[in-house]
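Work through the following exercises with the sequence and the model open. Each task is followed by a solution in steps.

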Amino acid sequence: MPVIHVLNGPNLNRLGQREPEIYGRTTLAEVEALCRTAAGAAEIVFRQTNWEGQLIDWIHAAIDAPADGLIINPAGLSFRSIPLVDALRMVPQPIIELHISNIHRRDALHQHSLVSGVATAVIAGLGARGYATAVTAMLDLLADA
(Lines give C-alpha, C1' and ligand atoms only; values in the text may rest on other atoms or scores of the structure.)
Protein backbone atom coordinates (compact mmCIF):
# COMPACT_ATOMS: atom_id res chain seq x y z
CA MET A 1 0.00 0.00 0.00
CA PRO A 2 1.22 3.52 -0.74
CA VAL A 3 2.53 5.81 1.97
CA ILE A 4 1.55 9.46 1.55
CA HIS A 5 3.01 12.21 3.69
CA VAL A 6 0.69 15.18 4.29
CA LEU A 7 2.68 18.10 5.64
CA ASN A 8 1.17 21.32 6.97
CA GLY A 9 2.94 24.59 7.61
CA PRO A 10 2.56 27.53 9.96
CA ASN A 11 -0.73 28.49 11.58
CA LEU A 12 -2.67 25.54 10.18
CA ASN A 13 -2.98 24.23 13.74
CA ARG A 14 -5.42 27.16 14.17
CA LEU A 15 -7.82 25.99 11.45
CA GLY A 16 -11.43 26.39 12.53
CA GLN A 17 -10.53 29.49 14.55
CA ARG A 18 -8.25 31.53 12.31
CA GLU A 19 -9.99 33.71 9.75
CA PRO A 20 -12.93 31.34 9.16
CA GLU A 21 -14.16 33.60 6.36
CA ILE A 22 -11.05 32.54 4.41
CA TYR A 23 -10.20 29.09 5.80
CA GLY A 24 -13.57 27.82 7.01
CA ARG A 25 -14.47 26.23 10.32
CA THR A 26 -12.98 22.78 9.77
CA THR A 27 -10.27 21.97 12.31
CA LEU A 28 -6.93 20.37 11.50
CA ALA A 29 -8.05 17.20 13.30
CA GLU A 30 -11.07 17.07 10.98
CA VAL A 31 -8.78 17.63 7.98
CA GLU A 32 -6.65 14.69 9.09
CA ALA A 33 -9.78 12.51 9.32
CA LEU A 34 -10.77 13.58 5.78
CA CYS A 35 -7.32 12.52 4.53
CA ARG A 36 -7.45 9.14 6.27
CA THR A 37 -10.92 8.43 4.91
CA ALA A 38 -9.91 9.39 1.36
CA ALA A 39 -6.76 7.25 1.63
CA GLY A 40 -8.62 4.02 2.28
CA ALA A 41 -5.96 1.36 2.86
CA ALA A 42 -3.08 3.69 1.99
CA GLU A 43 -1.00 4.95 4.90
CA ILE A 44 -1.14 8.64 5.76
CA VAL A 45 1.65 10.34 7.71
CA PHE A 46 -0.01 13.60 8.79
CA ARG A 47 2.03 16.40 10.37
CA GLN A 48 1.83 20.13 11.15
CA THR A 49 4.48 22.56 12.34
CA ASN A 50 4.91 26.27 12.76
CA TRP A 51 8.67 25.95 12.15
CA GLU A 52 10.24 26.14 8.70
CA GLY A 53 13.20 23.95 9.69
CA GLN A 54 10.91 21.23 11.04
CA LEU A 55 8.95 21.20 7.78
CA ILE A 56 12.20 20.85 5.84
CA ASP A 57 13.31 17.99 8.12
CA TRP A 58 10.00 16.21 7.43
CA ILE A 59 10.53 16.65 3.69
CA HIS A 60 13.96 15.04 4.07
CA ALA A 61 12.32 12.21 6.05
CA ALA A 62 9.79 11.69 3.25
CA ILE A 63 12.67 11.42 0.78
CA ASP A 64 14.57 8.96 2.97
CA ALA A 65 11.60 6.85 4.13
CA PRO A 66 10.78 6.86 1.21
CA ALA A 67 7.24 8.12 1.00
CA ASP A 68 5.40 7.30 -2.21
CA GLY A 69 3.97 10.81 -2.48
CA LEU A 70 4.03 14.15 -0.70
CA ILE A 71 1.11 16.53 -0.19
CA ILE A 72 2.12 19.86 1.29
CA ASN A 73 0.21 22.90 2.45
CA PRO A 74 3.17 25.18 3.11
CA ALA A 75 0.86 28.02 4.20
CA GLY A 76 2.73 31.33 4.44
CA LEU A 77 6.04 29.65 3.60
CA SER A 78 4.71 29.20 0.06
CA PHE A 79 5.45 32.79 -0.79
CA ARG A 80 8.89 33.43 0.69
CA SER A 81 10.78 30.25 1.62
CA ILE A 82 13.70 29.47 -0.67
CA PRO A 83 14.96 26.76 1.74
CA LEU A 84 11.58 25.02 1.52
CA VAL A 85 11.66 25.13 -2.29
CA ASP A 86 15.23 23.82 -2.27
CA ALA A 87 14.17 20.89 -0.07
CA LEU A 88 11.20 20.12 -2.33
CA ARG A 89 13.48 20.13 -5.39
CA MET A 90 15.16 17.04 -3.91
CA VAL A 91 11.91 15.07 -3.70
CA PRO A 92 11.76 12.43 -6.44
CA GLN A 93 8.18 11.44 -5.60
CA PRO A 94 5.08 13.30 -6.84
CA ILE A 95 4.34 16.49 -4.89
CA ILE A 96 0.91 18.07 -4.62
CA GLU A 97 0.85 21.63 -3.31
CA LEU A 98 -2.39 22.38 -1.49
CA HIS A 99 -4.05 25.61 -0.41
CA ILE A 100 -7.41 25.86 1.34
CA SER A 101 -8.14 29.26 -0.18
CA ASN A 102 -7.77 30.24 -3.82
CA ILE A 103 -4.48 32.08 -3.51
CA HIS A 104 -4.96 33.64 -6.96
CA ARG A 105 -7.99 35.59 -5.71
CA ARG A 106 -6.21 36.91 -2.65
CA ASP A 107 -4.09 40.01 -2.11
CA ALA A 108 -0.83 40.38 -4.04
CA LEU A 109 1.23 38.99 -1.14
CA HIS A 110 -0.62 35.66 -1.34
CA GLN A 111 -0.87 35.22 -5.12
CA HIS A 112 2.50 33.82 -6.16
CA SER A 113 3.66 30.57 -4.61
CA LEU A 114 7.31 29.67 -5.06
CA VAL A 115 6.38 26.06 -4.26
CA SER A 116 4.19 25.79 -7.38
CA GLY A 117 7.31 25.78 -9.52
CA VAL A 118 8.46 22.46 -8.07
CA ALA A 119 5.09 20.78 -7.45
CA THR A 120 3.69 18.09 -9.70
CA ALA A 121 0.20 19.56 -9.24
CA VAL A 122 -1.52 22.35 -7.33
CA ILE A 123 -4.94 22.29 -5.65
CA ALA A 124 -6.33 25.57 -4.35
CA GLY A 125 -9.66 27.03 -3.33
CA LEU A 126 -11.59 23.88 -2.42
CA GLY A 127 -11.52 24.55 1.30
CA ALA A 128 -10.76 21.66 3.62
CA ARG A 129 -12.27 19.29 1.02
CA GLY A 130 -9.18 20.00 -1.05
CA TYR A 131 -7.24 17.66 1.21
CA ALA A 132 -9.41 14.68 0.31
CA THR A 133 -9.15 15.71 -3.34
CA ALA A 134 -5.36 15.85 -3.01
CA VAL A 135 -5.18 12.38 -1.44
CA THR A 136 -7.39 10.93 -4.18
CA ALA A 137 -5.34 12.68 -6.87
CA MET A 138 -2.10 11.38 -5.32
CA LEU A 139 -3.44 7.83 -5.31
CA ASP A 140 -4.32 8.25 -9.00
CA LEU A 141 -0.85 9.62 -9.78
CA LEU A 142 0.76 6.69 -7.99
CA ALA A 143 -1.47 4.16 -9.76
CA ASP A 144 -0.48 5.65 -13.13
CA ALA A 145 3.25 5.50 -12.34
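**Exercise 1.** Are α3 and α4 roughly parallel or roughly antiparallel to each other?

*Solution.* The model is predicted, so local features need pLDDT of at least 70 and side-chain atom pairs count only at pLDDT 80 or more, while totals for chains, interfaces and linings use all residues. Residues are numbered from 1 along each chain as its sequence is written, and side-chain values use heavy atoms, with hydrogens and water left out.

Step 1. Locate the helices: α3 covers residues 52-64 and α4 residues 82-89. Helices (H or I, at least four residues) and strands (E, at least two) are DSSP runs, numbered from the N terminus.

Step 2. Take the geometry: the two helices pack at an angle of about 5°, and their axes are 9 Å apart. Axes are lines fitted to C-alpha atoms, for helices over the stretch in contact, and angles run from 0 to 180 degrees between N-to-C directions.

Step 3. Classify: α3 and α4 are therefore roughly parallel to each other. Angles under 35 degrees count as roughly parallel, over 145 as roughly antiparallel, 65 to 115 as roughly perpendicular and the rest as oblique.

Step 4. List the contact (heavy atoms within 4.5 Å): α3 contributes E52, L55, I56, I59, H60 and I63, and α4 contributes P83, L84, A87 and L88. By class there are eight nonpolar residues, one polar and one charged. Ala, Val, Leu, Ile, Met, Phe, Trp, Tyr, Cys and Pro count as nonpolar, Asp, Glu, Lys and Arg as charged, and the others, Gly among them, as polar.

**Exercise 2.** Give the strand order of the open sheet, and state which helices pack on the sheet.

*Solution.* Step 1. The five strands run in the order β2-β1-β3-β4-β5, with parallel pairing; two strands pair if DSSP finds at least two bridges between them.

Step 2. β2 (43-48) and β5 (121-124) are the edge strands, each pairing on one side only.

Step 3. On average, neighbouring strands are turned by 15° against each other, direction ignored.

Step 4. Helix α2 (residues 28-39) packs on the sheet, where it touches β1 and β2, and its direction makes about 160° with that of β2. Helix α5 (residues 129-144) also packs on the sheet, touching β1, β2, β3, β4 and β5, at about 170° to the direction of β4.

**Exercise 3.** Describe how α2 and α5 pack against each other.

*Solution.* Step 1. Their axes come within 8 Å and cross at roughly 30°, so α2 and α5 are roughly parallel to each other.

Step 2. The contact joins V31, L34, C35, A38 and A39 of α2 to Y131, A132, V135, T136 and L139 of α5. Nine of these residues are nonpolar, one is polar and none is charged.

**Exercise 4.** Which peptide bond is cis, and where do N11 and A75 lie?

*Solution.* Step 1. The cis bond joins A65 and P66, with omega about -20°; P66 belongs to the loop between α3 and β3.

Step 2. N11, in the loop between β1 and α1, has a positive phi near 75°. N11 is partly exposed at a relative accessible area of 38% (buried is under 20%, exposed over 50%, partly exposed in between; 1.4 Å probe, protein chains only).

Step 3. A75, in the loop between β3 and α4, has a positive phi of about 55°, and at 12% relative accessibility A75 counts as buried.
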